[in-house]
Amino acid sequence: MTFPRGLGRVPASFAIDDMGGGLSPRPPAERRRHARYPLQLSARLGLPGGETHSCRLEDLGAGGLFLTLEETAGEPIIAGGKVLARNDMVVVQFAGEQGPSGRAHPAASLHSISAPVARVLPTGLGLAFVDLDPPSLQAVRQLVALARQVPVATPARIDPAPVKPPRAVVGDAMHTLACLLRLERQMRSSDSTPETVAAIATSEPKASPVDPKARELIIDALVILQRAPEFLIPNEDEPLALQDRLMTAWEAAGLDVTEADGIVVEIISKLLDATLDDPLIKPAVKGCIRRLAIPLAKAALQDGFFFFANEQHPARLAVNRLGSLEPSIIGSDRWDAVIDPLLDRIVADSDQGGSLDGYAVRQSVFSEVLPGLDAIFQEQSRRYDDIVAKLVREQSKQQALLDSLRAAAPAADTAGPETRPDPPPELQRWLGRVDQLQAGDVVYRRTQESRTEKLNLAMVSDDRARYLFVDAAGNKVATVTRQELAMQFRRAELWMIDASKLPIVERGLFGILNDLHKRIARQVTLDEPTGLLNRKGLEASVEQALNGAVAMGSSHALCILELDLLGAIVEKCGQEVAGELLKNFVPVLENHVRAKGIASRLKAGRFAVLLHNCTTDGARAVMDALRAIMETSQCKWHLENFRLTISAGLVPIDAHSGSVSALFEAADEAYRQARAAGGNRVHVYERHSSAVEDQAAAVSVISSVLADGGLQLRCQRVTPIGADTSALPHYELLLGVKNRRGETTLPGEFLQSAERNNQMGEVDRWVVHTALRWMADNSSKLDQVDGYSINVSGLTLADESFADYVRGVLADSRVLPEKIIFEVTESSAIDSLPVAVNFIHAMKEHGCRFSLDKFGSGEASLAHLETLPMDFVKIDGSLVKDIAADPRDLVLVRSLNEIGHFLGKKTVAECVESQSVLTRLRQIGVDYAQGYAVEEPFLLQ
């Protein structure tokens, strides 16, 4: 279950009731209404204690505002009986409106800000904007400009209606990779001007004309390279770098390569390097692929689209069959006798240049060698099956003998049956994942030589107490118990790979897509001056860690830190010295944290660290070690000598941590306490209530909400904006929780509590039952929409009985299954991958569809979309909301849109809250949009 789209994501503006009461939120609709018409402005200052003053806005600088008070007459400013001082909090209310009728309403409240006092003069106050949200900052700038009667430059609004969106290109790897290569180049050279954003949104690759003579020269260069001794005897530890080698040959020959041919060569070069870097491919097979590099490049040049788009291309089939061979089973003699002659035939047949007509015929050699490769694969499969079957029979006999001995042993004289305590919840969840494994599954582990080793699950005992693993040659590796296996997964000693069952060419293509997309995403989350993550990137990582803590019971820690004397160094030595000091501090921080987590720069001299899979004591030890390292350092400048120390605030991340914003607030509070205590220390944030108390209270609240009808369904439209004019809108069903006053509130804390306490199954069943009952009662409305999207949590996905429940409710309601779209998050689907796949396939057989939420927000491999047969992918709203102004965000969203289309999925953009964002989405070809610019959420009546 997710938050209602758009609700609560735009920071609320506030108005002060009668300038003396509490703060009351202004609805977003009212906020937009005020922004729509010209304004006439007045302002009032609210002091602590309720006293108010009329004021004029005199100046708006970088992060600050100066107010001239009209009622002080040069007297000291008194607030609540005390003279107002620095850091006292005050509130400024902006009022006045001129509506479309031209009549002014000076009492109307427009916006307000709460800010600390930076300086106090008898005639007025200077205010500092600290962490002011962007909408408020923009509102203040507009209002101040109006007060000065200076026109505000607003971005030109583009009506999205006449924008013609491009059609999606499905399954063409060459098109998708070319788009991502171009986007990466645009990312590196982009600025933040509107012209740059527009260029990124509208640019399309231009088809370059093919010059037959130039292509013949390229093929000749490939042949020359193939015959070069340094190419024939390569260093196996280095990438092939075919593109770099060819560029040297082309430049020497004065060859002008077209953009189309250059892209093909770049892609095939990246594909070969990705394949040779694949840890799942054996060295002997990598040697074969090196030998076939030139023939494969020729095949790609000759059949560009067909080679990259069609898995049945003979060259791809031959390489994929090679990748499925296991030299240790076949044996070196047999390998030399069968495989080497087939490779020699391909290489000899391609070792020619010249006419393309002749080359096009010779390409059939890949088809001619396929029967020989298939035959050796069948022989390998028979040998492997025989080896594993014999091993399983021996293991079964040993287990049967042990069972008979236990049965024959005299029973122990005990006072009663032995009772074992239940394992902790986090281990129970890992045990649940182990129970999903089946014979034939593949897992991986890291060897002592830091290599990735592939293990096959050969047998699971009838009682699932023991698991037998073999290596790629069928040799026994280990027999482990259910609990031992769960612990190994929990400690990340074993893992599963999404793309492990893909053929090696497809795996290589996904590897390139992953690499290009991650490089694009890295630029969005990069703090350029330091090379560390910025706040956006860290927040995404903290959210993943929090999700893991809730779902799997893992433990992490977030730390915020600063150099204690940084302010004094800036004041005495200048900003340049402080900047050089921070530049030297960054590698110390990064090297200390590298193996334990992620370092980030939040702003100026403030840094943060996310430590993975550690206890609170372990995290404190890491930060204390960093503090001790810094304590031995000094900053010397002329006659000044500063001892360098740090203060750090640390907050544990566990299943009871709350939201990401709450974690940052807690870490910031702990940091302030470390500074207030004298600095040079690490302070750990202490939660006021215990986890046991939190859990007991949460269980009670969740149960009462479910029992007393405290849940409500809301919905929000997901409207088509792409090239398919026949598409109908669908609606996402959102959960709301009624408070004591009967108002519908956001379900964030409620859902987190339900996940922590394993009650999400009850919540999800309530949503499914209520939604289908409403759809059955309102069947006339179903013809007008494409369907309704129902969120399913990760814990519910892992419940094998949930599919039977849904089938039963569907049968009772008689709602058409094709009108149901189940929505799961990217992380939850991966965490429960085997069961998630079973549930998705079971529901798709009924006719239901699926949507993958939060697409692009995690670090997971894109190849899992091949495993998860999704119909829609929803691009995470945090990436979408700023694309009209930030070219880096626009490039990232366009990259995700291209990847989604390549995989044959419809793309949906979340959190679309302005017409300018909607326009950009149409320009880049996103299929659907959801957010306040489309429609606000409303109660399902």
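Let's start inside, at the lining of the largest cavity: Leu271, Leu272, Thr275, Ile289, Leu296, Phe307, Ala315, Arg316, Val319 and Val505. Please keep in mind that this is a predicted model. The space in the largest cavity comes to about 90 Å³, and the structure holds four cavities of 30 Å³ or more.

Now let me stay with one of those lining residues, Arg316. Which residue does Arg316 form a salt bridge with? The partner is Glu506, and the closest N and O atoms are 2.3 Å apart. Arg316 sits in helix H12 while Glu506 sits in helix H19 (residues 504-524), so this pair ties together parts that are 190 residues apart in sequence. Are these two buried or exposed? Arg316 counts as buried because its relative accessibility is 3%, and Glu506 counts as buried too, at 6%.

Asp435 belongs to helix H17 (residues 425-435) and Arg482 to helix H18 (residues 482-490), so parts 47 residues apart in sequence are tied together. Asp435 is partly exposed, at 28% relative accessible area, and Arg482 is partly exposed, at 30%.

Arg643 is in strand S22 (residues 640-643) and Glu631 is in helix H23 (residues 616-631), 12 residues apart. Arg643 counts as partly exposed at 44% relative accessibility, and Glu631 does at 30%.

Salt bridges can also join up into a network, as they do among Glu562, Asp564, Arg606, Asp668, Arg672 and Arg675.

Let's finish with some nonpolar residues. On the surface, Leu401, Leu402 and Leu405 form a nonpolar patch with about 290 Å² of accessible area together. One of them, Leu402, lies in helix H16 (residues 365-408) and counts as partly exposed, at 41% relative accessibility.

Trp250, in helix H7 (residues 242-253), counts as buried because its relative accessibility is 4%. Trp250 and Leu222 are 28 residues apart along the chain, and their C-alpha atoms are separated by 10.0 Å.

Notes:
Residues numbered from 1 in each chain as written. Predicted model: local features only at pLDDT ≥ 70, side-chain atom pairs only at ≥ 80, totals over all residues. Heavy atoms only, no water. 1 Å grid on protein atoms, 1.4 Å probe; cavity = no way out; pocket = protein on both sides within 12 Å on 5 of 7 lines; lining within 4 Å. Points joined across faces, edges and corners; volume = space filled by probe spheres on them. Patch = residues over 30% accessible without salt bridge, like charges linked within 9 Å, V, L, I, M, F, W, Y side chains within 5 Å. Areas by Shrake-Rupley, 256 points an atom, 1.4 Å probe, with all protein chains shown as cover. Salt bridge = Lys/Arg side-chain N within 4 Å of Asp/Glu carboxyl O. Helix = DSSP H or I, 4+ residues; strand = E, 2+ residues; numbered from the N terminus. Buried < 20%, exposed > 50% of the residue type's maximum accessible area, 1.4 Å probe, protein only.
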